[in-house]
Amino acid sequence: MAEPRTEALHRNAEGLDIQAPDTILSSLADAQIEAAKAVRDAIPAIAAAAEIIAGRLNGGGKLAYAAAGSSGLMALADALELPGTFGIKRERIVILIAGGDEAFKTLAGGPEDDTDEASAAIAGAGIGKGDCLIAISASGSTPYAVQALKDARGRGAATIAIANNKDTPVLKLADVAILLETPPEVIAGSTRMGAGTAQKIALNMLSTLTAIHLGHVHDGYMVNLTADNIKLRDRAARIVAAISGHDKDAAARLLEASGGVVKTAILLAAGAANADVAEKILEGTGQKLRPALSAIEGNKGAKAPVLKTEPEKGQQGD
C-alpha cells in the first residue's frame, strides 16, 4: 500500500533540526502557502457542497460536522462562528468530535478509532433525512469520521467529505468529495499544519458561500449577524448606514425600531411601513435583501401618480 501523502517526508525536512531558526521558519511558512494553494483545485466541489448545505438549512434541516483531532478543531472553529456571523440558529448546528467534551481538554488520539462512539453521536444528534453532515479527515480514513459519514448517509442525510489524501474511504462514501491535496508536512504526519490550514480555508469558503446562498450576505456585509456585544452592535449600525445611506445615528434608531435585525432596519430605511411589513417582504424573497429592496422600490413606483398625457380642456388640437 502506498504511503499516504500526509505521512510522507517533506523535501526540505532533511537536517531540519540543525538548521538556522530563520531557515526553519521560512520552510514552515512556505509549506503553509503551498498547502493553501491546494484549495483552488477543490473550488468546484466546494461550490457543489455549499449548494447542498444551503438547501438543507433552507428546508429546516441541521448542519453537522464530524471529525477527530486537529480536523475536529477546524470543524469547531467554523461551526461556532456561524450563529454570530451569519445568524444561523445554534440549534441547527451540530458539532461531533471524537472524544466528546473531553477532547477540548486532552485531544487524545484513541477516540478517533471509536466507531461505536461515532454511531452513537449521529443517533444522539438525530441526524437524518433533511440534514447534512460534513466529515473531515486529513488522512481520509479516520474511523470516527468514516463511521459518522456511513451512519449519516444510512439515515438519509446528505454527506460531504473533506480529506487531504485522494482515493480514501471518506471521499469515496460522500455525496460530495472535497480533496485538498496538500504537500507532505515539514514535520511528517503533523496535519495540524498544512493540511489543517487547507481545511480551515476550505471550511471558510464553504460556510461563506452557503451563507450567501441563504441571503445572509449583501455586497460584502454580514446582514444577518447576531449583534450581541458592543463591537457587533456598532458593526450592525455601520452596515445599516452603509447600505441605506443614512448616518450612523439614524441607523442606530432604525436598528432599535427593527429589534436589532439588520435586514429589517435596512428595509425600514428604504420605506417599509413597519418591522412586520419588512419581515413579510423578506419572507417573500427567501430572506434575500437585494430583491426585498427591489420590491419596495417597485411598490413606490406603482404608487406614484400617473402623469396626464391628454391635453387639458381648451387646449385640444384641431
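**Entry 1: helix pair.** I looked up helix 8 (residues 230–244) and helix 9 (residues 248–257) in this predicted model, whose axes come within 8 Å and cross at roughly 110 degrees. Axes are lines fitted to C-alpha atoms, for helices over the stretch in contact, with angles from 0 to 180 degrees between N-to-C directions. Helices (H or I, at least four residues) and strands (E, at least two) are DSSP runs numbered from the N terminus. The two helices are therefore roughly perpendicular (65 to 115 degrees). I noted the contact (heavy atoms within 4.5 Å): helix 8 supplies D234, A236, A237, R238, V240 and A241, and helix 9 supplies K248, A251, L254 and L255.

**Entry 2: conventions.** Residues are numbered from 1 along each chain as its sequence is written. The model is predicted, local features need pLDDT of at least 70, side-chain atom pairs count only at pLDDT 80 or more, totals for chains, interfaces and linings use all residues, and side-chain values use heavy atoms, without hydrogens and water.

Entry 3: I found five strands in an open, parallel sheet of order 2-1-3-4-5; strands pair if DSSP finds at least two bridges between them. Strand 2 (93–97) and strand 5 (176–179) are the edges, each pairing on one side only. The twist averages 15 degrees from one strand to the next. Strand 1 (residues 63–67) and strand 3 (residues 132–137) run parallel and are joined by five bridges, and L63 stands opposite C132.

**Entry 4: helices on the sheet.** I recorded helix 3 (residues 69–86) across strand 1, strand 2 and strand 3, at about 165 degrees to strand 2. Helix 7 (residues 194–213) packs on the sheet, touching strand 1, strand 3 and strand 4 (158–163).

How values were computed:
Parallel < 35°, antiparallel > 145°, perpendicular 65-115°, else oblique.
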